[in-house]
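Take a look at the model below.

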Amino acid sequence: MEDETLGNPPTKVEVETVPEGEERRDLPMEHPGREVGLAELAARKGEGLAIIEARAKILETLRKAAIRATSPEDWLLFRDKVGAVIGYLQDCGCDRVRDLYGIEVQNVGRPEKVSGEDGESFTYLIMGGGYCGITHQTVESIEGGRSSNDDFVRDKHGVELELAVRKAARANLDGNITRELAGLKSVPLGELNEAWKDSNKTSADCRLGRGFGSGAERQGADVQTGAGVTQSKAPKCPKCGGPMKFVKAKEGKYEAFWSCAKYQSGDCTAARPYVEPPAENGPEPSTEAPDGDPGPQEEDQGVSRDDVNF
Amino acid sequence: MTLISKRGIADIISDAWIAFIEAEGRSAPHKREYVYASSRRECLRRMVLEMTEGDKLPEFDANTLAKFRRGNDRERDLLNDLSNIGRNSDPPFEVVAQQQRFELKDKKGRVCIVGKTDARIRFERTEGGIPVEVKAWSPFLTNRIERFEDLALSPWTKPGAFQLLAYLLGAGEPVGILLLDMSGLPLPIPVELEPNLDMIESFLQKAEAALDHKEASTLPPFIEDPSECQRCPFYGSVCNPPLKHEGATVITDPAFEASLVRREELKQAAKEYSDLDKAIKKAVYGTEHAVAGNFVLEGKWRQKTVYDVPAKKQEAYEKLRQANKRIEPKGSFVLEVTKL
C-alpha cells in the first residue's frame, strides 16, 4: 500500500541548505562565547541584530536545559521582599549543570580555618576563580565557606566535623562559581515551572526556605500549613466532621485548599477553599538552609541582597 | 508500664542496631605503607594520599560499617558454601589457604602492592590451588557483570579486576575465579592472567610511581576528570583540584536548526500516520481488493522465508550467542531530542 492513499500528500520538507560549491556563512559569531564588539555588529546592520538574537536564544535554551537537568530537591525556594517566590540552586544541584555550561573551577586556594569568638565554633573559607566554556566569562576571588554551626554537621564532632565543614566549604566554592557563571543564583519560580513543563518534576517538591514559615515548620513540626496557619486552625470537614488537611497550591494547577484528611483512604472526598488570613507580623525571618547548603547569603561577593532582589 | 509508641519501638531498635554495629569495633581509616591490591585508582594522586593522608579521612559511620559487615558475612557464607559443595562436586575440590597474604615487589625490589586472597580451591591430586576472590557488591553493580571485562564498566567494580589480577601474579597462577554474589545463584567468572598482563603491568607501574611520591613526600598532578574528583573522599578535605567540565557543543548551523524545527513539526503527524497505518492494515489484513470512499486498497500475499530450526539447535545457538556476549560501554548511541 502506498503512503499517499491515506490522504493528502506529505508536506514537502523545506530545509535551508547551502548550495553546492558555496561555503557555509560565517556562523560562529552566533556562538555566545565568541568576542564580538558593538562596532563590528553595527557594521553588519541587520545581520548584527540576528547574531545578537541567535546568541540570546542559545543562552536561553542552555538555561532551560540546565534547570531541566536539576531536580526540584536541588532548589531552595524563598520569598523576596515583595513576596515573589525565587529559586536558589543549591550546591548539590550545581554539580548537575557544570557539564552543560563547561564550567571550570580554577586557582583554588588553600582552605583557611577561622575560629569563632566562642572558641569552639569555626568556619572554613576557600577562595577560587572560574571560567565558563560557553560564554568565556571568568570570575575571580570567589569565596566558599561553611561553619561548624551549620545545621548539616549538627551530629558531627572532632575530626569528622572538621573534615565535613572543610569539604562543604569546597562544595560551596564550586557552587558559588557555578551559580555566578550560569546565572542560577535567583531564578523566578515561573521559570522553574516552565523548564520542567512536560516532565515529572514540579516546584512543589522544592525545598522551602526563608519566607515559608519557621525552620521547624518547614521541617513539618506542628505544623505550617499555609501562610501562618497551623494544623490546629484546620476547619472541620463539612461532610464527615473529621479533621481537614491543608493542601499547598500548585502553580498553574490549583489554589491552596483544605482537603478532608480521609481523602487518601477514599472515605471522604470533601474539600473547602483556603482563605488566607490577614498577615500579623509576617513570616519569621530565618537564615537556615537545609542539607548543609548555606542558601542565599546576606553578602554575596560584594553584592548586597537588595541588589539581587532577595 | 510505660506505653511505647509505634515510632518509639522503631527508634529503639534502630538505636540498638547502631550501638551494636559500632561496638563491633570501627575499622578506622589509616595511613598505609603500600598500595592495597583493592585500591587501584584512576587518580595517582589519590593513591598517594591513601598512603600518606589515609588517617585524615572521617571514620566510617554506622551505616557504612553495616554495609561492610553485610559484605563480610556474605563472603564468609559463600566460602563456607563453596567448601560444602566442593566435597560433592565432580571432580571434588577443597577450599584452602583462606586469607593468605601476598606481596608484589616493584623493579626496585620494594614491596609495592599487598593484599589477601580470599581462598584457593584445590582439586584432588593437584598442587597449589586456584585463587578465588569473592565479591558481594550491590546488585545494581553485579547485574551488569557476566564476564571479567564487564568489571571495567563501572568505576566501583573496576578496582576489583586489578585486584584479582594482582592475586594471580602474586600467586604465580595463570587462572583464578571471581565469585560474584548475586540475588540468586552466585556467579563464578574465570579470569586469565596472560591476556591481561598489560593491565597488571600498568597497575604495578602506577603503584611504583605512588611509592616514589610517598618516599619523596611529593604529590602527583591533579587528575583532569571531574567525575573522579566527585567520587574521591579526599576531594575538598585534603585535595582541592581545579575542575574542568567540557560544556555543551553549541551548533549554530541554521540548516541543522531548521531540520530540528521541521522534525518537531512532523512529530505529531508522524505518530498519527503510524497509528492509522497500523489500524488500516489490521482492518483489511488478508483482503486483496477493497474500495473505501475514493480509495482503493490492494493487497497481495508475498513469498516469505522462514527458518524451521530444530529447538535443540536453536537452544545451542542461543547458548553460543550468550557465551560470546559482551557489553560495549560505548556500543550504541541514543539521541534524545527535546524541544525546550
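A polar contact is a pair of N or O atoms within 3.5 Å; within protein, one must be able to donate a hydrogen and the other to accept it. Keep that cut-off in mind for the first stop. The model is predicted.

Start at B:Arg32. This residue sits in the loop between helix 1 (6-23) and strand 1 (35-36) of chain B. The side chain of B:Arg32 makes a polar contact with the side chain of B:Ser39, at 3.0 Å. Is B:Arg32 buried or exposed? B:Arg32 counts as buried, because its relative accessibility is 18% and the cut-off for buried is under 20%. Neighbours within four places in sequence aside, B:Arg32 is in contact with B:Ser39, B:Glu50, B:Met51 and B:Lys214.

Now turn to the contact between the chains. Chain A brings 45 residues to it and chain B brings 42 residues. About 3400 Å² is buried between chain A and chain B. Carbon and sulfur atoms give 60% of that area.

Polar links also cross this interface. There are 14 residue pairs in polar contact between chain A and chain B, both residues at pLDDT 80 or more. Which elements give two or more residues to the side of chain A that touches chain B? They are helix 2 (46-69), helix 3 (91-101), strand 3 (103-106) and helix 4 (158-182) of chain A. Helix 2 of chain A gives the most, with seven residues. By class, the side of chain A that touches chain B has 19 nonpolar, eight polar and 18 charged residues.

One salt bridge is found across the interface of chain A and chain B. It joins B:Glu257 to A:Lys57, with the closest N and O atoms 2.7 Å apart.

Strand 3 of chain A pairs with strand 9 (residues 243-244) of chain B. The sense is antiparallel, over two bridges. Within this pairing, A:Glu104 has B:Lys244 in strand 9 of chain B as its bridge partner.

Finish inside chain A. Here an open sheet of four strands has the order 7-2-1-8, with mixed pairing. Strand 7 (187-188) and strand 8 (207-208) of chain A are the edge strands, each pairing on one side only. Strand 1 (residues 75-79) and strand 2 (residues 85-89) of chain A run antiparallel and are joined by five bridges.

Technical notes:
Residues are numbered from 1 along each chain as its sequence is written. Chains are lettered from A and ligands numbered from 1 in the order in which they are written. This is a predicted model: local features need pLDDT of at least 70, side-chain atom pairs count only at pLDDT 80 or more; totals for chains, interfaces and linings use all residues. Side-chain values use heavy atoms; hydrogens and water are left out. Contact means heavy atoms within 4.5 Å. Buried area is the accessible area (1.4 Å probe) that two parts lose on being put together, summed over both. A salt bridge is a side-chain nitrogen of Lys or Arg within 4 Å of a carboxyl oxygen of Asp or Glu. Ala, Val, Leu, Ile, Met, Phe, Trp, Tyr, Cys and Pro count as nonpolar, Asp, Glu, Lys and Arg as charged, and the others, Gly among them, as polar. Two strands pair if DSSP finds at least two bridges between them. Buried means under 20% relative accessible area, exposed over 50%, partly exposed in between (1.4 Å probe, protein chains only).
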